[in-house]
Amino acid sequence: MGNNRQATSILAPLFRTTEERRPVLLLGAGASFRSGVPTAAEAVKQIARRVFSERELAGARPPERVKPTEWEPWLQNFPWFIHGSDRLAENFPLVVEHLLTPAEFRKRVLLDLMQPTNGISSGYRAIADFVMRGLVSTIMTTNFDPCLPDALRERQPHIRQINEVNRSPGDTAQFDIFNKCQVVWLHGRAEQYSDKNVAGEVGVPDPALVSLLRPLLDASPIIVVGYRGAEPSIMEGIFGQLKQGRLDFPRGIYWCLRHGDTPHPHVESLARRLGSNLTFISIDGFDELFGDLAQELTDYDHFRELDTPQPAVPALRSFDERIIEEASLNDLDLDLALSVLTDYGKKLKRAPVTRETLFSLMREQGLLVPQGDTDKVTAGALLLFGKAPQEFFPHAVVTLTEGGKKRELYEGNLISQHRRLLERFDAEDVNPLLKVKGRRQHGEQRAYPPRALVELLVNMLVHRDYALAEPATIDVRPGAEIVFVNPGALPHRIAGRVALEADGRFVLSESITEQRNPALCDIFFGISAMERAGTGLIDVGEMMTESGGASTFYHHARSARFEARIVPPLASAGSQRIARHNIPIGVYVLNSLPFTVIPDTISIVQLTVPWRERPRDLDVSECGTFIIRGSELWSFVPLPILTTLLAPIVDREACVSVDRETIEGSPDAKRVLSWLLRKHWERYLKGFAADGLILEDGRRYRAFFHALEGENRTIVWNGPQRKGNRRDVAKKRGEGPRTWFENEGIGYEIVDLGGLWSVRIKPFYMFTGRNGKTPLPSFTRTSKATSRIKFDRNKNVEADLAFWESFLGRGSETINIGDRQVDNLLLAASFLKVEVPEIGLMGDDTDDQDRMSA
C-alpha cells in the first residue's frame, strides 16, 4: 500500500459497515485519465486542434500536426475565452458550446474524444467488483466516457442489471434507492445529445434529478474521486444547501485530492459551509486508491453481513426467479450448494462462503427470497441444487438418443446433469477419435472439439425455457452430426438482431446476450462452466471451423425451439474415421477426490492430563472427530465448543484457534492437518460397513470388501452411460479346502496437489482365505497379484475408477465427511479431470511424436 494508507484507513470502514446504506461515489474526469480519456484541460487542446484543422486548414493537415503556435493564439482571440495558464480546464464547456456545432458534430467529436484508448483502468474494474460484492450500488459521474458501464458489463451476469439514470433529459425512470447497480449520468450522455457541457447548461441543475438524489445523498457517505468541482450544476445543484440553518450531508463528504493539489474555490466554499461534514483526503490517484481499497477489502462481502429481509420484489422477471410455494429448504442439497458456491466465491475472488453466510449469498443471487421469518425457495435454487427437482419440474431433464435407437434420460439437478453429460461426451461412441491426415503424417483427434460440446451443453442447461413442459434433447447421429434442441426459441431481443433465413437458420457475427435465466447463468459463469456473456455460440462456430467441421444454428419461433447442429470434419476416402485436421485434446482422469470446502480454522486444545488418563465419566461423544498429538487435541470443531465439553482437562489460556493458511505454512503442522483430514475420511469409510467395505487393521491406510457369508459380494451401481451395473467386489476362487477370494479395495492418502487438498485413491486387490475376510500370507498374495496384473488394461482401470467414484459418492455430487459440530468439510464426488493438448514435442515434420492418447 503506497501513499494511500491514511486514505484507505478512512474510507475502508465506509464500505465495511454492516448498515444497509452504502457509500455513494462521485467520479470526475480524473478517474478516466489512466484509461486514455483526456482531462478537461487536455480535452480543450484536442478540440481546438481538431476544429482548427477542419475549419481553418480545410483538413490539409490532421489535428495531431497542428502546432501550438497556430491553435493557441487562434483560441485565445475568441471573446469568450478565459485566460490564465491554470484556467484552461474552465474553457471546456465554452469550447463545446462555441466550437462544437451543430449538435451532430458535437456528438461525433465528443464520442471520439472520450474513447478509452488505453482500455478500462484497474480502478474502474475494482469499482465493478465492489458493485458485484454489494459494497457500493450508486455511482454518480460527470463524465460520459464508457469506462464505467463497460467495466460493469464485464461483471455480468453476476451484476444482473445496470440501471442508467439521466442518459437523456428527464430520463429518471430507472432510479431507485434499492437498485443494486445504478449509474447516474450527471451531465447526460453524448449519444443522446444530452451532454450538459456547454456554458449555458452547466449552471442549470436538473430539479427532477436533484430531488431524487438528495434523500439518498443525505442518508449515505459520499466519496468524491477525480472531480475538480468546477461545474455550478454540481456544486450549486447537487451539493447546494437544501434548508437554511441545517448542516447538510450528515453522513459526510470525503473529497479526494491528489497529493499536492489544492481544492477548487467552489469546493473550498462547500467545505466552509459543511465544516466537519467534509473531509479532504490525499491520494496517489484514482486507480491506486481503489487498488489499495480492493486489497484491504479482499475478504469482505456485503452479503456476509447483511442478513435482513430486502424489499419485496414487485415482479419476478424470469422463470428461475419464481418462488415455488410448495418447496422448502429441505428440498435443497445444501452440501452441494455450499460446495458450488465456495468454488463460485474463489473464482470471483469474493469472501469465503461458510454455512453461516450461505443463505445470505443465495438471497443476493435471487435463489432464496425472504418472506417474513422464512426463506422461500425459487425455481432456480431447485434446478441448481434440488435433491429431486423432477418432483417439481418433471420436464427439466435431458434425453440423449444415439443412432435413433438408444435413448438415455438424464435427471437430477443441473449440476448433476452437467457433470454426467460431460462424462457421456467423453465416450467413444459420442465423440470418436478420427484418423487425421496432416501434411506429412497421420494423427488422431476427436470428431468434435470437446469445448464446443461443453458450450452447447451449458447453453442448453441455462438458456432453455423451463416454463415449457418439454425436455431438452441431444441426438447423436454417428459419423454425421450431433443435434441439440432446447425448448424455447431465441428471446425477442436477440431474434430481432440476427438475420433469419426462411428455415430459421441464423449466423451470429457479434456478441449478443439475453439472460433468460439470470440466476442459472450467474452460477455457471461463476464456476467457469461457460464463457463470457454472448460469446458461447460464436466460439462454437469458430472451434468447429478450425477443427475442419461446421455448425449451424436455428431459431424456430413457431414451435418455440432453438436448435444447434454440429458436423464433424469431412470424411476422407469414404471413411467415417479418417479426417483432415489436427488439434488433439486429451482428458486425463486423476485418481483424486478434491476437497471443495475445508474449515478455515483449526482448534488446538491444550490438555492438562494425557488423553488416556482423562476422567472415565467425561463425555466426549459430542466432540466429533479429532486427533491427539502429545498434549494437544486438534479438531475442526469450534474452539469454544471443545473447551466447554472438555473443561475439566483443558488449559483454556493455552488453547488457540489457528487459521488454516498458517497451518499450511508449517511443514510439521501441515502433516498434522493431513492426519486430521485422513481421520475424517476414515470415519466416512466406516459408514460403508453394511456394504462389506472394511478398513484394514494397522496403519496400512487401505480398505477392502469382505465376502458375503463365504460367497461372492455384488454391488449394484450406476455409471455415466448405464444404470444398474452389477460388480462382484469379492469373488470366490477355487473349491473346497483351496478356496480363496479376490477382494477389491482401495488404498488412500491425503495429498496437497498444488494447493488443492485431495484424497488420492489407489484401487488394489486383496486376496483372502476361505472366509473371504482374512488376508492370505504376504508371499501368497504377491504371486496372485502378479497373475492378476495381466487382466488389468486401460479399460479395466477406467471402469475401476468409474465404479469407485459412484460407490464412494453414493450417487451425490458431494461427499460430506464432517462429523458432529463440523458441517463444512466436503469432497467432490467425482475424480479430478484435466484437459491437456496432445501436441507432440517434436516438430510437425517428423514421423514420430512423443504423444500418448488420453
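Predicted model: local features only at pLDDT ≥ 70, side-chain atom pairs only at ≥ 80, totals over all residues.
Trainee: What makes up the protein chain, in helices and strands?
Mentor: The protein chain has 26 helices and 34 strands. Buried residues account for 51% of its 854 residues.

Trainee: Why is helix 17 called roughly antiparallel to helix 18?
Mentor: Helix 17 (residues 414-425) packs on helix 18 (residues 450-463) at about 155°. Angles over 145 degrees count as roughly antiparallel. Therefore helix 17 is roughly antiparallel to helix 18. Their axes lie 11 Å apart, and the crossing is right-handed.

Trainee: Which residues of helix 17 and helix 18 meet?
Mentor: From helix 17 come L414, Q417, H418, L421, L422 and F425. Helix 18 brings L453, V454, L457, V458 and L461.

Trainee: How do you class the residues in the contact of helix 17 with helix 18?
Mentor: Nine are nonpolar, two are polar and none is charged. Leu, Val and Phe count as nonpolar.

Trainee: Why is helix 21 called largely enclosed by the rest of the structure?
Mentor: Buried means under 20% relative accessible area. In helix 21 (residues 536-546), eight of the eleven residues are buried, so the helix is largely enclosed. The buried ones are G536, L537, I538, D539, V540, G541, M543 and M544.

Trainee: What do the buried residues of helix 21 pack against?
Mentor: They pack against helix 18, strand 17 (550-556) and strand 18 (561-567).

Trainee: Which residue with positive phi follows helix 21?
Mentor: G548 does, with phi near 95°.

Methods. Residues numbered from 1 in each chain as written. Heavy atoms only, no water. Helix = DSSP H or I, 4+ residues; strand = E, 2+ residues; numbered from the N terminus. Buried < 20%, exposed > 50% of the residue type's maximum accessible area, 1.4 Å probe, protein only. Axes fitted to C-alpha atoms, helices over the stretch in contact; angles between N-to-C directions. Parallel < 35°, antiparallel > 145°, perpendicular 65-115°, else oblique. Left-handed = near helix turned anticlockwise from the far one by under 90°. Contact = heavy atoms within 4.5 Å.
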